[in-house]
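Subject: Structure for you to look at

Hello,

Here is the structure I said I would pass on. My notes on it follow below.

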Amino acid sequence: MSPRDDRWYEAIVRADARDADTAADALSVAGAAGVSIEPALRIMDGADFQYEERMDVPWTVRASFPAPFEASHEQAVRDALAARTFVAPYELEIREAALVDWAEEWKKFYRTQHIGGRLVVRPSWEPYEEKPGEVVVQLDPGAAFGTGEHATTRLCLAAVEAHLRPDDRVLDVGSGSGILAVASRMLGAGQVHAVDIDAETVAVAIENAERNEVGEQIEFAAGSLGPDWPWPARAPEGYDLVLANISSLVIGRLASHLAAAARPGGLVVASGFIQRDADEVRGHLAEAGLVQIEYATEGEWGCFVARRG
Amino acid sequence: MAKKVRHVLTLQIKAGTANPAPPVGTALGPHGINIMEFCKAYNEQTKAMTGIVPAKITIFEDRSFQFVLKTAPASDLLRRAAGIDKGSAKNVQDKAGTITMKQLREIAETKLPDMNTTDIEQAMRIVEGSARSMGIEVK
(Lines give C-alpha, C1' and ligand atoms only; values in the text may rest on other atoms or scores of the structure.)
Protein backbone atom coordinates (compact mmCIF):
# COMPACT_ATOMS: atom_id res chain seq x y z
CA MET A 1 0.00 0.00 0.00
CA SER A 2 1.35 3.42 -0.85
CA PRO A 3 1.65 5.93 1.98
CA ARG A 4 -1.24 8.29 2.42
CA ASP A 5 -0.92 11.36 0.24
CA ASP A 6 -1.95 14.46 2.21
CA ARG A 7 -1.29 16.91 -0.56
CA TRP A 8 -3.92 19.26 -1.90
CA TYR A 9 -4.23 21.02 -5.21
CA GLU A 10 -5.91 24.29 -6.00
CA ALA A 11 -7.57 25.43 -9.19
CA ILE A 12 -7.77 29.22 -9.08
CA VAL A 13 -9.98 31.00 -11.56
CA ARG A 14 -9.91 34.78 -11.92
CA ALA A 15 -13.11 35.69 -13.67
CA ASP A 16 -15.62 38.45 -14.24
CA ALA A 17 -17.86 38.89 -11.19
CA ARG A 18 -20.85 37.73 -13.25
CA ASP A 19 -19.04 34.47 -14.04
CA ALA A 20 -18.03 33.62 -10.46
CA ASP A 21 -20.98 31.30 -9.77
CA THR A 22 -20.54 29.57 -13.13
CA ALA A 23 -16.85 28.97 -12.45
CA ALA A 24 -17.61 27.72 -8.93
CA ASP A 25 -20.14 25.26 -10.25
CA ALA A 26 -17.87 24.00 -13.03
CA LEU A 27 -15.08 23.39 -10.51
CA SER A 28 -17.50 21.67 -8.19
CA VAL A 29 -18.67 19.40 -11.01
CA ALA A 30 -15.02 18.66 -11.79
CA GLY A 31 -14.73 17.09 -8.34
CA ALA A 32 -13.63 19.89 -6.02
CA ALA A 33 -13.94 19.13 -2.31
CA GLY A 34 -15.11 22.68 -1.87
CA VAL A 35 -14.98 26.08 -3.48
CA SER A 36 -14.43 29.56 -2.16
CA ILE A 37 -15.66 32.64 -3.98
CA GLU A 38 -13.72 35.77 -3.14
CA PRO A 39 -15.26 38.98 -4.43
CA ALA A 40 -13.23 42.07 -5.20
CA LEU A 41 -14.11 44.54 -2.45
CA ARG A 42 -14.24 48.26 -2.03
CA ILE A 43 -14.01 48.90 1.70
CA MET A 44 -15.73 52.16 2.53
CA ASP A 45 -14.21 54.65 4.87
CA GLY A 46 -17.64 55.67 6.14
CA ALA A 47 -18.50 55.72 9.80
CA ASP A 48 -20.35 52.41 9.57
CA PHE A 49 -17.50 50.64 7.72
CA GLN A 50 -19.61 49.30 4.90
CA TYR A 51 -18.15 47.59 1.89
CA GLU A 52 -19.34 46.85 -1.60
CA GLU A 53 -18.54 44.03 -3.96
CA ARG A 54 -16.87 45.43 -7.06
CA MET A 55 -18.17 44.22 -10.39
CA ASP A 56 -15.45 45.95 -12.43
CA VAL A 57 -12.53 43.92 -11.10
CA PRO A 58 -12.10 40.13 -11.50
CA TRP A 59 -13.20 37.91 -8.62
CA THR A 60 -11.25 34.89 -7.46
CA VAL A 61 -12.79 31.44 -7.34
CA ARG A 62 -10.64 28.88 -5.58
CA ALA A 63 -11.35 25.15 -5.65
CA SER A 64 -9.56 22.48 -3.63
CA PHE A 65 -8.83 18.95 -4.81
CA PRO A 66 -7.26 16.27 -2.65
CA ALA A 67 -4.41 14.12 -3.96
CA PRO A 68 -4.06 12.18 -6.19
CA PHE A 69 -4.52 14.97 -8.70
CA GLU A 70 -3.09 13.89 -12.01
CA ALA A 71 -3.16 15.03 -15.60
CA SER A 72 -6.59 13.50 -16.09
CA HIS A 73 -8.00 15.44 -13.13
CA GLU A 74 -6.45 18.62 -14.44
CA GLN A 75 -8.01 17.97 -17.82
CA ALA A 76 -11.39 17.41 -16.14
CA VAL A 77 -11.09 20.88 -14.57
CA ARG A 78 -10.25 22.47 -17.93
CA ASP A 79 -13.09 20.57 -19.65
CA ALA A 80 -15.64 21.50 -17.01
CA LEU A 81 -14.76 25.19 -17.40
CA ALA A 82 -14.67 24.97 -21.20
CA ALA A 83 -18.16 23.47 -21.24
CA ARG A 84 -19.61 26.65 -19.74
CA THR A 85 -20.55 29.93 -21.29
CA PHE A 86 -18.62 32.79 -19.68
CA VAL A 87 -19.48 36.46 -20.04
CA ALA A 88 -15.79 37.39 -20.23
CA PRO A 89 -12.46 35.58 -20.58
CA TYR A 90 -11.06 34.05 -17.40
CA GLU A 91 -7.64 32.97 -16.16
CA LEU A 92 -7.00 29.53 -14.71
CA GLU A 93 -4.09 28.59 -12.51
CA ILE A 94 -3.60 25.09 -11.12
CA ARG A 95 -1.04 24.54 -8.40
CA GLU A 96 -0.17 22.36 -5.49
CA ALA A 97 -1.29 23.93 -2.21
CA ALA A 98 1.35 24.49 0.44
CA LEU A 99 1.32 21.73 3.04
CA VAL A 100 0.15 23.60 6.09
CA ASP A 101 -1.50 22.50 9.31
CA TRP A 102 -4.33 24.98 9.04
CA ALA A 103 -5.76 24.00 12.43
CA GLU A 104 -2.64 25.61 13.95
CA GLU A 105 -1.37 28.03 11.31
CA TRP A 106 -3.81 30.85 12.06
CA LYS A 107 -2.41 31.16 15.57
CA LYS A 108 0.75 32.78 14.29
CA PHE A 109 -1.19 36.01 13.77
CA TYR A 110 -1.55 36.45 17.50
CA ARG A 111 1.10 37.31 20.02
CA THR A 112 1.30 38.28 23.63
CA GLN A 113 0.71 42.02 23.89
CA HIS A 114 1.82 44.49 26.52
CA ILE A 115 -0.62 47.36 26.88
CA GLY A 116 -0.10 50.40 29.07
CA GLY A 117 2.13 49.83 32.09
CA ARG A 118 1.04 46.47 33.49
CA LEU A 119 -1.62 44.88 31.31
CA VAL A 120 -0.71 41.79 29.28
CA VAL A 121 -3.07 40.06 26.84
CA ARG A 122 -1.97 36.62 25.82
CA PRO A 123 -3.44 33.74 23.80
CA SER A 124 -3.70 30.48 25.73
CA TRP A 125 -1.11 28.66 23.61
CA GLU A 126 1.66 31.18 24.32
CA PRO A 127 3.57 30.52 27.52
CA TYR A 128 4.08 33.62 29.59
CA GLU A 129 5.82 34.20 32.84
CA GLU A 130 3.95 36.83 34.77
CA LYS A 131 6.10 39.56 36.29
CA PRO A 132 5.28 41.20 39.62
CA GLY A 133 2.54 43.80 39.27
CA GLU A 134 1.36 42.59 35.88
CA VAL A 135 -2.22 41.72 35.10
CA VAL A 136 -2.38 38.95 32.50
CA VAL A 137 -5.62 38.50 30.56
CA GLN A 138 -5.84 35.22 28.69
CA LEU A 139 -7.89 35.58 25.54
CA ASP A 140 -8.21 33.27 22.57
CA PRO A 141 -9.34 34.99 19.41
CA GLY A 142 -12.62 33.86 17.96
CA ALA A 143 -15.65 35.21 16.18
CA ALA A 144 -16.35 37.94 18.73
CA PHE A 145 -14.79 41.37 18.19
CA GLY A 146 -12.12 42.21 20.71
CA THR A 147 -9.35 39.72 19.99
CA GLY A 148 -6.84 42.28 21.23
CA GLU A 149 -5.64 42.62 17.66
CA HIS A 150 -7.31 45.95 17.03
CA ALA A 151 -6.04 49.43 17.75
CA THR A 152 -9.30 50.49 19.40
CA THR A 153 -9.21 47.55 21.81
CA ARG A 154 -5.67 48.51 22.80
CA LEU A 155 -6.59 52.20 23.13
CA CYS A 156 -9.52 51.35 25.41
CA LEU A 157 -7.46 48.94 27.49
CA ALA A 158 -4.80 51.61 27.96
CA ALA A 159 -7.49 54.12 28.98
CA VAL A 160 -8.97 51.67 31.49
CA GLU A 161 -5.56 50.98 32.96
CA ALA A 162 -4.80 54.70 33.25
CA HIS A 163 -8.10 55.82 34.75
CA LEU A 164 -9.62 52.91 36.66
CA ARG A 165 -9.44 53.19 40.42
CA PRO A 166 -9.90 50.30 42.85
CA ASP A 167 -13.52 49.23 43.32
CA ASP A 168 -14.83 51.44 40.50
CA ARG A 169 -18.20 50.47 39.05
CA VAL A 170 -17.74 49.81 35.34
CA LEU A 171 -20.23 49.48 32.50
CA ASP A 172 -19.03 48.06 29.16
CA VAL A 173 -21.42 48.81 26.29
CA GLY A 174 -20.85 46.65 23.18
CA SER A 175 -18.65 44.22 25.06
CA GLY A 176 -17.84 41.85 22.16
CA SER A 177 -15.37 39.24 23.40
CA GLY A 178 -15.62 40.78 26.88
CA ILE A 179 -11.97 41.80 26.86
CA LEU A 180 -12.57 45.29 28.31
CA ALA A 181 -14.90 44.05 31.05
CA VAL A 182 -12.54 41.22 31.98
CA ALA A 183 -9.51 43.50 32.02
CA SER A 184 -11.40 46.09 34.10
CA ARG A 185 -12.23 43.54 36.73
CA MET A 186 -8.73 42.12 36.77
CA LEU A 187 -7.31 45.63 37.12
CA GLY A 188 -9.35 46.10 40.29
CA ALA A 189 -12.84 47.26 39.35
CA GLY A 190 -15.66 46.47 41.78
CA GLN A 191 -18.95 45.81 40.04
CA VAL A 192 -18.64 45.25 36.30
CA HIS A 193 -21.66 45.13 34.02
CA ALA A 194 -21.37 44.40 30.31
CA VAL A 195 -23.93 44.42 27.52
CA ASP A 196 -23.86 43.56 23.84
CA ILE A 197 -26.78 43.48 21.43
CA ASP A 198 -25.46 40.18 20.03
CA ALA A 199 -26.52 37.35 22.37
CA GLU A 200 -24.03 34.89 20.84
CA THR A 201 -21.22 37.29 21.57
CA VAL A 202 -22.39 37.53 25.17
CA ALA A 203 -21.94 33.77 25.54
CA VAL A 204 -18.37 34.08 24.26
CA ALA A 205 -17.68 36.95 26.68
CA ILE A 206 -18.92 34.85 29.61
CA GLU A 207 -16.55 32.04 28.57
CA ASN A 208 -13.66 34.47 28.35
CA ALA A 209 -14.47 35.84 31.81
CA GLU A 210 -14.63 32.32 33.25
CA ARG A 211 -11.30 31.40 31.68
CA ASN A 212 -9.80 34.35 33.54
CA GLU A 213 -11.59 33.35 36.74
CA VAL A 214 -13.64 36.52 36.93
CA GLY A 215 -16.82 34.98 35.51
CA GLU A 216 -18.70 35.35 38.77
CA GLN A 217 -17.70 38.96 39.24
CA ILE A 218 -18.96 40.31 35.93
CA GLU A 219 -22.59 40.44 34.88
CA PHE A 220 -23.07 40.07 31.14
CA ALA A 221 -26.38 40.43 29.33
CA ALA A 222 -27.68 40.86 25.81
CA GLY A 223 -28.79 44.45 25.34
CA SER A 224 -27.69 48.06 25.17
CA LEU A 225 -28.37 51.41 26.76
CA GLY A 226 -31.80 52.96 26.23
CA PRO A 227 -34.84 50.80 25.48
CA ASP A 228 -32.68 47.65 25.21
CA TRP A 229 -31.32 47.95 28.75
CA PRO A 230 -31.47 44.34 30.02
CA TRP A 231 -31.81 44.84 33.78
CA PRO A 232 -35.19 46.40 34.67
CA ALA A 233 -34.41 46.47 38.40
CA ARG A 234 -31.15 48.36 37.94
CA ALA A 235 -31.04 51.87 36.56
CA PRO A 236 -28.23 52.51 34.05
CA GLU A 237 -26.58 55.18 36.17
CA GLY A 238 -23.90 55.85 38.72
CA TYR A 239 -20.99 54.15 36.98
CA ASP A 240 -17.49 55.45 37.60
CA LEU A 241 -16.35 54.28 34.18
CA VAL A 242 -18.47 53.70 31.07
CA LEU A 243 -16.77 51.99 28.12
CA ALA A 244 -18.07 52.16 24.55
CA ASN A 245 -15.80 50.80 21.85
CA ILE A 246 -18.39 50.77 19.07
CA SER A 247 -18.46 53.25 16.17
CA SER A 248 -18.93 56.97 15.62
CA LEU A 249 -22.54 56.35 14.56
CA VAL A 250 -23.49 54.35 17.63
CA ILE A 251 -21.61 56.69 19.97
CA GLY A 252 -23.54 59.54 18.38
CA ARG A 253 -26.80 57.73 18.95
CA LEU A 254 -25.97 56.67 22.52
CA ALA A 255 -24.04 59.76 23.70
CA SER A 256 -26.76 61.05 26.06
CA HIS A 257 -27.27 57.53 27.47
CA LEU A 258 -23.53 57.07 27.96
CA ALA A 259 -23.37 60.37 29.82
CA ALA A 260 -26.39 59.51 31.96
CA ALA A 261 -24.87 56.13 32.86
CA ALA A 262 -21.79 57.82 34.33
CA ARG A 263 -21.98 59.34 37.80
CA PRO A 264 -21.28 63.08 38.01
CA GLY A 265 -17.51 63.28 37.68
CA GLY A 266 -17.42 59.75 36.17
CA LEU A 267 -15.63 58.94 32.93
CA VAL A 268 -16.76 57.76 29.51
CA VAL A 269 -14.25 56.01 27.24
CA ALA A 270 -15.47 56.22 23.65
CA SER A 271 -13.69 54.56 20.73
CA GLY A 272 -14.29 52.57 17.58
CA PHE A 273 -14.05 55.54 15.21
CA ILE A 274 -11.42 56.64 12.75
CA GLN A 275 -9.62 59.91 13.37
CA ARG A 276 -11.42 61.60 10.50
CA ASP A 277 -14.64 61.30 12.52
CA ALA A 278 -13.11 62.50 15.79
CA ASP A 279 -14.64 66.00 15.58
CA GLU A 280 -18.08 64.54 15.05
CA VAL A 281 -17.69 62.20 18.05
CA ARG A 282 -16.26 65.03 20.16
CA GLY A 283 -19.33 67.11 19.26
CA HIS A 284 -21.74 64.35 20.28
CA LEU A 285 -19.97 63.85 23.60
CA ALA A 286 -19.89 67.60 24.32
CA GLU A 287 -23.58 67.93 23.49
CA ALA A 288 -24.28 65.19 26.02
CA GLY A 289 -22.42 67.18 28.69
CA LEU A 290 -19.16 65.23 28.58
CA VAL A 291 -15.90 67.15 28.79
CA GLN A 292 -12.94 65.73 26.90
CA ILE A 293 -9.95 65.06 29.11
CA GLU A 294 -7.92 62.85 26.77
CA TYR A 295 -7.70 61.93 23.10
CA ALA A 296 -5.42 59.04 22.15
CA THR A 297 -4.76 57.58 18.72
CA GLU A 298 -3.20 54.51 17.16
CA GLY A 299 -2.96 54.22 13.41
CA GLU A 300 -6.10 55.68 11.89
CA TRP A 301 -8.16 55.07 15.05
CA GLY A 302 -9.07 57.37 17.92
CA CYS A 303 -10.25 57.09 21.52
CA PHE A 304 -11.75 59.77 23.76
CA VAL A 305 -11.83 59.83 27.52
CA ALA A 306 -14.43 62.36 28.71
CA ARG A 307 -15.71 63.38 32.11
CA ARG A 308 -19.32 63.98 33.04
CA GLY A 309 -19.62 67.50 34.42
CA MET B 1 -17.10 47.74 18.19
CA ALA B 2 -15.17 49.13 15.30
CA LYS B 3 -15.92 46.36 12.88
CA LYS B 4 -14.11 47.46 9.78
CA VAL B 5 -14.09 44.73 7.15
CA ARG B 6 -10.83 43.09 6.09
CA HIS B 7 -12.13 40.44 3.74
CA VAL B 8 -15.30 38.73 2.58
CA LEU B 9 -15.64 35.32 0.97
CA THR B 10 -18.22 32.64 0.36
CA LEU B 11 -17.30 29.03 1.04
CA GLN B 12 -19.28 26.41 -0.81
CA ILE B 13 -18.89 23.23 1.20
CA LYS B 14 -21.05 20.29 2.15
CA ALA B 15 -23.28 20.70 5.18
CA GLY B 16 -21.76 19.39 8.39
CA THR B 17 -18.34 18.58 6.92
CA ALA B 18 -16.21 21.67 7.54
CA ASN B 19 -12.68 20.85 8.70
CA PRO B 20 -9.35 22.72 8.70
CA ALA B 21 -8.18 21.06 5.46
CA PRO B 22 -8.63 22.92 2.18
CA PRO B 23 -10.73 24.70 1.10
CA VAL B 24 -11.58 25.99 4.60
CA GLY B 25 -7.95 26.16 5.72
CA THR B 26 -6.60 27.70 2.53
CA ALA B 27 -9.43 30.24 2.35
CA LEU B 28 -9.56 31.30 6.01
CA GLY B 29 -6.12 30.41 7.36
CA PRO B 30 -4.22 33.23 5.65
CA HIS B 31 -6.59 35.72 7.31
CA GLY B 32 -5.79 34.43 10.78
CA ILE B 33 -9.28 33.53 11.88
CA ASN B 34 -9.92 30.77 14.37
CA ILE B 35 -10.49 27.87 11.96
CA MET B 36 -11.80 25.34 14.47
CA GLU B 37 -14.29 27.83 15.82
CA PHE B 38 -15.64 28.42 12.32
CA CYS B 39 -15.80 24.68 11.58
CA LYS B 40 -17.63 23.88 14.80
CA ALA B 41 -20.15 26.68 14.30
CA TYR B 42 -20.72 25.82 10.63
CA ASN B 43 -21.14 22.10 11.30
CA GLU B 44 -23.50 22.78 14.17
CA GLN B 45 -25.68 25.11 12.13
CA THR B 46 -25.79 22.79 9.11
CA LYS B 47 -26.04 19.44 10.90
CA ALA B 48 -29.63 18.84 9.77
CA MET B 49 -28.97 19.96 6.17
CA THR B 50 -27.74 18.15 3.08
CA GLY B 51 -25.83 19.13 -0.03
CA ILE B 52 -23.76 22.26 -0.48
CA VAL B 53 -24.65 24.97 2.02
CA PRO B 54 -22.62 28.11 1.28
CA ALA B 55 -21.39 30.25 4.15
CA LYS B 56 -20.65 33.91 3.53
CA ILE B 57 -17.90 34.90 5.91
CA THR B 58 -17.03 38.46 6.84
CA ILE B 59 -13.60 38.91 8.41
CA PHE B 60 -13.00 42.08 10.38
CA GLU B 61 -9.83 44.05 10.90
CA ASP B 62 -9.00 42.40 14.20
CA ARG B 63 -9.53 38.96 12.60
CA SER B 64 -12.80 38.35 14.37
CA PHE B 65 -15.46 37.14 11.95
CA GLN B 66 -19.08 36.38 11.37
CA PHE B 67 -20.81 34.16 8.87
CA VAL B 68 -24.29 33.63 7.49
CA LEU B 69 -25.56 30.60 5.65
CA LYS B 70 -26.76 31.13 2.11
CA THR B 71 -29.15 29.26 -0.12
CA ALA B 72 -27.69 26.41 -2.19
CA PRO B 73 -26.04 27.50 -5.48
CA ALA B 74 -28.53 27.98 -8.31
CA SER B 75 -26.65 25.38 -10.33
CA ASP B 76 -27.25 22.78 -7.62
CA LEU B 77 -30.96 23.55 -7.53
CA LEU B 78 -31.16 23.52 -11.34
CA ARG B 79 -29.40 20.18 -11.56
CA ARG B 80 -31.71 18.68 -8.97
CA ALA B 81 -34.77 20.06 -10.77
CA ALA B 82 -33.56 18.72 -14.12
CA GLY B 83 -32.70 15.37 -12.57
CA ILE B 84 -29.08 15.56 -13.75
CA ASP B 85 -26.50 13.53 -11.89
CA LYS B 86 -23.54 15.61 -10.91
CA GLY B 87 -21.12 12.77 -10.21
CA SER B 88 -19.26 12.08 -13.41
CA ALA B 89 -20.14 15.03 -15.63
CA LYS B 90 -17.16 15.53 -17.90
CA ASN B 91 -18.94 17.89 -20.15
CA VAL B 92 -22.06 19.47 -18.82
CA GLN B 93 -23.40 19.99 -22.32
CA ASP B 94 -23.67 16.22 -22.71
CA LYS B 95 -25.83 16.03 -19.64
CA ALA B 96 -28.21 18.79 -20.61
CA GLY B 97 -31.76 18.49 -19.37
CA THR B 98 -34.86 20.57 -19.14
CA ILE B 99 -36.88 22.21 -16.40
CA THR B 100 -40.33 23.80 -16.50
CA MET B 101 -41.12 27.48 -16.09
CA LYS B 102 -42.73 26.57 -12.76
CA GLN B 103 -39.49 24.96 -11.55
CA LEU B 104 -37.56 28.01 -12.73
CA ARG B 105 -39.84 30.25 -10.69
CA GLU B 106 -39.47 28.02 -7.61
CA ILE B 107 -35.69 28.15 -7.85
CA ALA B 108 -35.75 31.92 -8.35
CA GLU B 109 -37.98 32.24 -5.28
CA THR B 110 -35.57 30.11 -3.23
CA LYS B 111 -32.59 32.18 -4.39
CA LEU B 112 -34.26 35.58 -4.10
CA PRO B 113 -33.03 36.39 -0.55
CA ASP B 114 -29.42 36.07 -1.76
CA MET B 115 -29.78 37.98 -5.02
CA ASN B 116 -29.12 41.60 -5.82
CA THR B 117 -32.77 42.07 -6.74
CA THR B 118 -36.18 41.80 -5.11
CA ASP B 119 -37.89 41.43 -8.47
CA ILE B 120 -38.89 37.82 -9.09
CA GLU B 121 -39.01 38.30 -12.87
CA GLN B 122 -35.44 39.55 -12.89
CA ALA B 123 -34.39 36.75 -10.54
CA MET B 124 -35.92 34.27 -12.98
CA ARG B 125 -33.95 35.78 -15.84
CA ILE B 126 -30.71 35.46 -13.84
CA VAL B 127 -31.42 31.82 -12.94
CA GLU B 128 -32.38 31.13 -16.55
CA GLY B 129 -28.99 32.51 -17.59
CA SER B 130 -27.30 30.06 -15.22
CA ALA B 131 -29.42 27.24 -16.63
CA ARG B 132 -28.43 28.14 -20.17
CA SER B 133 -24.74 28.16 -19.30
CA MET B 134 -25.18 24.63 -17.92
CA GLY B 135 -27.00 23.39 -20.99
CA ILE B 136 -30.35 23.20 -19.19
CA GLU B 137 -33.33 24.35 -21.18
CA VAL B 138 -36.44 25.99 -19.72
CA LYS B 139 -39.72 24.87 -21.31
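B:Leu69 touches B:Tyr42, B:Gln45, B:Thr46, B:Met49, B:Val53, B:Pro54 and B:Ala55, leaving aside residues up to four places away in sequence. Please keep in mind that this is a predicted model. B:Leu69 belongs to strand β3 of chain B, residues 65–69. With a relative accessible area of 26%, B:Leu69 is partly exposed, because the class of partly exposed residues lies between under 20% for buried and over 50% for exposed. B:Asp114 is 45 residues from B:Leu69 along the chain, and their C-alpha atoms are separated by 10.0 Å.

The strand that holds B:Leu69 has a partner. Strand β2 of chain B (residues 55–60) runs antiparallel to β3(B), and 5 bridges join them. Within this pairing, B:Ile57 stands opposite B:Phe67. The two strands form a hairpin with 4 residues between them, and in the turn B:Arg63 has a positive phi of about 70°.

As for chain B as a whole, there are 5 helices and 5 strands, in the order β-α-α-β-β-α-β-α-α-β along the sequence. The C-alpha atoms of chain B fill a box of roughly 50 × 35 × 25 Å along the principal axes. Chain B has 139 residues, of which 54% count as buried. If one takes the contacts in chain B between residues at least 6 apart in sequence, 55% join residues at least 24 apart.

Next, the interface. Chain A contributes 52 residues to the contact and chain B contributes 47 residues. Together the two chains bury about 4,300 Å², with 58% of it on carbon and sulfur atoms. On the chain A side, A:Val29, A:Trp102 and A:Phe145 lose the most area to chain B, together 16% of what that side buries. Between the chains there are 3 salt bridges, and 9 residue pairs are in polar contact across the interface, counting pairs with both residues at pLDDT 80 or more. The elements of chain A that give two or more residues to the side touching chain B include β1 (8–15), α1 (20–29), β2 (34–38) and α2 (71–82). By residue type, that side of chain A divides into 27 nonpolar, 16 polar and 9 charged residues.

Strand pairing also crosses between the chains. β2(A) and strand β1 of chain B (residues 5–12) run antiparallel and are joined by 3 bridges. Here A:Val35 stands opposite B:Gln12. B:Gln12 has a relative accessible area of 9% and is therefore buried. Its contacts, again without residues up to four places away in sequence, are A:Ala24, A:Gly34, A:Val35, A:Ile37, B:Ile52, B:Pro54 and B:Pro73.

Another brings together the side chains of B:Arg79 and A:Asp25, at 2.5 Å from N to O. B:Arg79 lies in helix α3 of chain B (residues 74–82) and A:Asp25 in helix α1 of chain A, so this pair joins two chains. Both B:Arg79 and A:Asp25 are buried.

Helix α3 of chain B also holds B:Asp76 and B:Arg80, 4 residues apart, about one turn of the helix. These two form a salt bridge whose closest N and O atoms are 3.8 Å apart. B:Asp76 counts as buried at 10% relative accessibility, whereas B:Arg80 counts as exposed at 54%.

Within chain A, A:Arg54 forms a salt bridge with A:Asp56, with 3.1 Å between the closest N and O atoms. A:Arg54 is partly exposed at a relative accessible area of 25%, and A:Asp56 is exposed at 54%. A network of salt bridges links A:Glu10, A:Arg14, A:Glu38, A:Arg62, A:Glu93 and A:Arg95. Over all chains, the structure holds 29 salt bridges.

Last, a loop residue. A:Ala189 sits in the loop between α5 (179–186) and β11 (192–196) of chain A. A:Ala189 is buried, with a relative accessible area of 3%. Its contacts beyond four places in sequence are A:Leu164, A:Asp167, A:Asp168, A:Val170 and A:Ser184. Of these, A:Asp168 is 21 residues from A:Ala189 in sequence and 4.8 Å from it in space, C-alpha to C-alpha.

Regards

Methods: Residues numbered from 1 in each chain as written. Chains lettered and ligands numbered in written order. Heavy atoms only, no water. Contact = heavy atoms within 4.5 Å. Buried area = accessible area lost by both parts, 1.4 Å probe. Salt bridge = Lys/Arg side-chain N within 4 Å of Asp/Glu carboxyl O. Polar contact = N/O pair within 3.5 Å; in protein donor to acceptor, adjacent residues only side chain to side chain. Nonpolar A, V, L, I, M, F, W, Y, C, P; charged D, E, K, R; others polar. Pairing = 2+ DSSP bridges. Buried < 20%, exposed > 50% of the residue type's maximum accessible area, 1.4 Å probe, protein only.
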